[in-house]
Amino acid sequence: MDTFSCDVLVVGGGGAGLSAAIAVAETYPSLSVTVISKVYPMRSHTVSAEGGAAAVIKAGDGLDEHAYDTISGGDWLSDQDAVEAFVREAPDEMLQLEHWGCPWSREPDGHVAVRPFGGMKTERTWFAADKTGFHMLHTLFQTSLKYDVIRRHDECFVTKLLIDDGRCQGLVALELATGKIQAIIAKAVILCTGGCGKIFPFTTNASIKNGDGMALAYRAGAPLKDMEFVQYHPTGLPFTGILITEATRAEGGWLLNKDGYRYLQDYDLGTPQPKPVLRSMELGPRDRLSQAFMKEQEKGRTLKGPYGDYVHLDIRHLGEQVIDTKLPFVRELCAKYAGLDPVKEMIPVRPVVHYMMGGIHTDIHGATRMPGLYASGEAACVSINGANRLGSNSLTECLVFGARSGMAAAAFASDQREPNQSVLGQAHDEERRLEAQFLRKTGGTERIATLRTEMQETMERSAGIYRDGSALQQSAVKLHQLQERFQDLALDDHSYTFNTELTGALELSYMLDLAQVIVASALQRRESRGSHQRNDYPARDDRQYLAHSVAYRAENGSPRIEYLPVKITRWPPGQRVYGR
Amino acid sequence: MPPTVMLEVSRYRPEQDDKPVFQTYEVPFRDDWVVLDALNYIKDRLDGSLSFRWSCRMGVCGSCGMMVNGRPKLTCAAFLSDHLPGPIRVEPLNYFPIMRDLIVDITDFLEKLKKVKPWIVRDQVLPLEKGEYRQTPQQLDVYRQFSQCINCMLCYAACPVVGLEPGFVGPAAIALAQRYNLDSRDEGAKQRLKILSDHAGIWGCTFVGECTQVCPKHVDPAGAIQQYKLTGALDTLKSFLLPFGTR
C-alpha cells in the first residue's frame with residue numbers, strides 16, 4: 001500500500017472537480033490539492049455536454065428572471081436560497097472561463113453570444129458552437145496545468161472513504177496501472193464524480209457514469225437527496241443514446257410525430273409558430289417534452305423502429321449554413337453514428353436518460369452533513385435543479401458550486417489539525433477486502449453483464465418517465481435479489497494490471513446501491529412533480545411533498561427515507577405555465 | 001451479410017505474456033455495430049479479462065483510440081461493416097508503451113502537453129468587472145480548428161517521427177500550442193516558440209501529413225508544425241541579423 005497526504009482532495013476531474021481544484025489553488029495557494037480520477041481529466045463526461053451554459057449577461061435580462069425560470073422549471077422543489085446564489089455568481093464564473101480562453105461563440109462585435117434554451121424566458125445560454133462541454137472541460141484542464149500546487153492521481157479508482165471520529169479524513173483508491181492500493185489522507189474531500197445514468201439501459205451518459213461518489217458518500221453515512229428525480233432528455237438517437245442537443249430546437253428545430261405534426265401543441269405547451277418562441281412548444285422543459293412523447297406513443301402516433309418507438313426532429317429548414325455554424329457537432333454525430341445528413345433528412349429521436357437531479361445532500365457551500373466531506377456538480381444535490389433541471393444550468397452549476405465547494409473545503413482544511421493516522425488501519429482492511437472479494441475470488445456463477453442488464457431493465461420498467469407503486473415495489477424486490485446475486489459473481493480476471501473487470505464489478509455494486517435509493521425514494525413520494533410522474537398519484541401535493549427526500553443507508557443496507565422542507569425565499573409555489 | 005465476424009485482438013498481460021499475442025474471437029455481425037461494440041460483446045459475454053479504455057461512445061472523450069487493421073481509429077466510430085469480410089485486427093496504438101491488452105501508457109504525452117503552456121498567457125489580466133475580452137467571429141476562426149483536439153493520440157500513432165524520436169513533442173501538443181498562439185487573447189507565443197524550438201524533433205517532421213489524415217476532428221497538426229517551422233526559422237534568422245533583439 002502506498003500512502004499520500006494532502007490538504008484538499010478532489011475526486012473527479014470534470015467541470016466541477018477542476019473548478020474546485022483551481023478555486024483552492026487560487027484562494028488558498030499555501031494548501032496542497034490533489035485531483036484523483038478513474039480517468040484522465042479530459043475524458044470526464046463534461047466533455048459530452050453540447051448546448052451551452054446559462055448566465056445572465058445581456059441587457060434586458062435579470063437575475064430574478066433566471067431564478068424564476070429555474071424554480072418553475074424545477075416544479076418548486078429547488079431551494080431558492082441556492083438558486084439565488086447560483087444566478088448571482090454564474091456571470092462571473094462564466095466570464096472567468098472566458099478569460100481562461102474558452103472559445104465561446106461570439107457576436108459580430110466580439111461580445112459573447114447567447115442562445116435560447118428550453119424553459120428559459122430570455123436568451124441567456126452561452127455556447128461554444130454545440131461542443132460547449134468539450135471546450136469548457138479542455139479550457140479548465142489546460143488552465144489547471146499552470147498551478148503547480150495541483151497534483152493529480154490519474155486513473156485511480158476510489159473504493160472507500162476513510163472516516164474517523166465522524167469526520168472524512170481521506171480515501172482508499174486502486175491505482176489502475178499497477179493494482180496497488182493507495183491510501184490518501186486529506187483534511188477535506190470533495191466528491192465531483194458526476195451522475196449515474198448507467199443504472200438505466202438507454203442513456204446519453206458515458207460508460208464511466210456509475211455514481212461512484214454518490215455511493216461512496218451514501219456508504220460512509222452522508223445521505224443522498226431527491227434521488228427519485230431522473231431526467232429524460234427528449235432527443236437521443238435510438239440505439240446509441242447519443243444526445244442530440246436541445247440547441248437544435250433553440251435554433252428552430254421541430255418535433256414531429258409520424259404524421260409530420262408538431263404534437264407538442266396537444267400537451268399545453270403552446271401553439272406552433274414558424275420561429276422558436278421562448279418557454280413554448282419545442283422550447284418547453286425536458287420533463288414535459290419527454291412525457292408528451294410517452295402520450296404520443298400511447299396514441300400510436302410515434303414511428304416504429306428496431307430500437308423502440310421514435311419521433312422526428314426536423315432541422316432541415318434551418319439550412320446548411322446555420323447548421324454548420326451553430327450545430328456542427330449534431331451534423332457530425334448524425335453522419336458518423338446514424339448515417340444521415342440532417343441538412344437533408346429528419347433525425348429519429350426518443351427520450352433518453354440524461355441527468356440526475358438528485359445527489360449527495362449538500363448545503364449551498366457544497367458541505368455535506370459529514371465534517372470534511374464536500375460535493376459539487378451532478379454528484380451533489382444542492383438543490384438548484386429541483387424536480388427537473390433546465391438545460392444549460394448544469395454546466396454553470398459545475399463552475400459555481402465547484403468553486404464554492406473548493407473554497408469551503410479549503411477554509412475547513414486550513415483550520416484543521418493533521419488527520420488521525422489511525423485511519424490507515426481502515427485502509428489496510430479495505431485492501432484485504434478487495435483481495436478477498438474480487439482479486440483472489442474463485443468460483444461464483446454470475447456475470448457482471450447479466451446482473452447489470454437485469455438492473456437496467458428493472459429500472460426502466462419501474463422508474464422511467466411514468467411510474468406506479470406496484471412496479472416500483474416489484475423493482476425493490478428484484479434489486480434486493482440482484483444484491484444477493486452480486487455476492488456470487490464469477491470473475492475471469494485476476495490480474496493487478498489495469499483490471500477493468502474489477503472496476504466493472506465495483507461500479508456495478510455502486511449502481512445497485514443507488515438503484516435501490518432511486519426506487520425507494522420514488523416509491524415513497526406519492527405525488528407527481530417534475531420528472532417524477534406517478535400514474536397512481538397524478539397530482540402535485542405541496543401539502544405533503546414540498547420537501548426533499550433524504551436517503552440514509554440503514555444498518556441492513558436498505559435505504560431509509562426522511563424529508564426536509566424546501567427553502568422558499570421569494571417565489572411561493574405556483575403553476576408551471578408554458579406556451580401562454 | 002455474414003452472421004458473425006472474426007476479431008483478432010492483441011492481448012498482453014504482463015504477468016503471463018512476454019510479448020503481445022493475438023487472440024481470435026467470433027462476434028455477431030450487426031450493421032450498426034462499431035468495433036467498440038464488438039469489444040464490449042467480448043468483454044460481457046466471452047472473456048471478462050479483455051481490457052480496453054472507452055467512455056463516451058460519441059467520439060469526443062478520446063479514450064478508445066486503437067489500431068484497426070493497422071490504422072489508428074476511434075473504435076466507437078469504426079463500423080464493422082467498413083471492415084468486412086474480416087478478420088478485423090485490433091491492436092493498441094502504435095509507438096506507445098503497452099500496459100495491458102489494448103491499453104497504452106500516455107503519461108509521456110501528458111507531460112509534453114504541459115510543456116507547451118496550453119493556457120492563456122498575458123502580461124496584464126483584465127479584471128472580471130471589465131467584462132469579456134472582445135473576440136470577433138473572424139478572430140475565433142483563426143484558431144478554432146486547432147481547439148478541436150480531443151487528445152485521442154491517433155496522430156501520435158500515425159507519426160513516423162514519434163516512432164523514431166521519442167523526445168518529439170508531437171503533433172497534438174504542437175497544434176495545441178498553436179491554438180493558444182493564434183488566440184487574440186493570448187500573449188505567450190514567444191515563450192512557446194522557445195520551448196518548441198529547443199525541443200527535439202520539430203525539425204525532424206518531414207511533412208508526411210499522416211497526423212492530419214488520421215485526425216477524427218479535422219485538426220491540422222501538420223499545418224501547425226509547418227507554421228512553427230517557418231516562424232522558428234525566421235526567428236533564428238532574425239537573431240543572426242539583429243543579435244541585440246528585435247525590440
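Start by selecting A:Arg279, which sits in the loop between strand 12 (254–256) and helix 7 (286–298) of chain A. Helices (H or I, at least four residues) and strands (E, at least two) are DSSP runs, numbered from the N terminus. A:Arg279 is not a glycine, yet its phi is positive, about 50 degrees. With 23 other C-beta atoms within 10 Å, A:Arg279 is buried. A residue is buried if 20 or more other C-beta atoms lie within 10 Å of its own, exposed if 12 or fewer, and partly exposed in between, with C-beta atoms placed from the backbone.

Before you move on, a word on the model and its labels. This is a predicted model, in which local features need pLDDT of at least 70 and side-chain atom pairs count only at pLDDT 80 or more, while totals for chains, interfaces and linings use all residues. Residues are numbered from 1 along each chain as its sequence is written, and chains are lettered from A and ligands numbered from 1 in the order in which they are written.

Next, go to the loop between strand 11 and helix 6 of chain A and pick A:Phe239. Phi of A:Phe239 is near 75 degrees, again positive in a residue other than glycine. A:Phe239 is partly exposed, with 19 other C-beta atoms within 10 Å. Now select A:Thr240, in the loop between strand 11 (230–236) and helix 6 (247–250) of chain A. A:Thr240 counts as buried because it has 20 C-beta neighbours inside 10 Å. Leaving aside residues up to four places away in sequence, A:Thr240 touches A:Tyr337 and B:Arg57; two residues are in contact if their C-beta atoms, placed from the backbone, lie within 7 Å.

That brings you to the meeting of the two chains. Colour the contact, which takes 45 residues from chain A and 45 residues from chain B. On the side of chain A that touches chain B, helix 3 of chain A gives the largest share, five residues. By class, that side of chain A has 21 nonpolar, 15 polar and nine charged residues. Here Ala, Val, Leu, Ile, Met, Phe, Trp, Tyr, Cys and Pro count as nonpolar, Asp, Glu, Lys and Arg as charged, and the others, Gly among them, as polar.

Now show helix 14 of chain A. Its 25 residues reach 36 Å from first C-alpha to last, close to the 36 Å expected at 1.5 Å a residue (the expected span is 1.5 Å times one less than the number of residues). Of those 25 residues, 24 are buried, so helix 14 of chain A is largely enclosed by the rest of the structure.

To see the contact, select A:Asp212, A:Met214, A:Ala215 and A:Tyr218 of helix 5 with A:Tyr510, A:Asp513, A:Leu514 and A:Val517 of helix 14 of chain A.

Finish with two peptide bonds. The one from A:Val382 to A:Ser383 is cis, with omega near 10 degrees, and A:Ser383 lies in the loop between strand 18 (380–381) and helix 10 (394–413) of chain A. In chain B, a cis peptide bond joins B:Leu84 and B:Pro85, with omega about 5 degrees.
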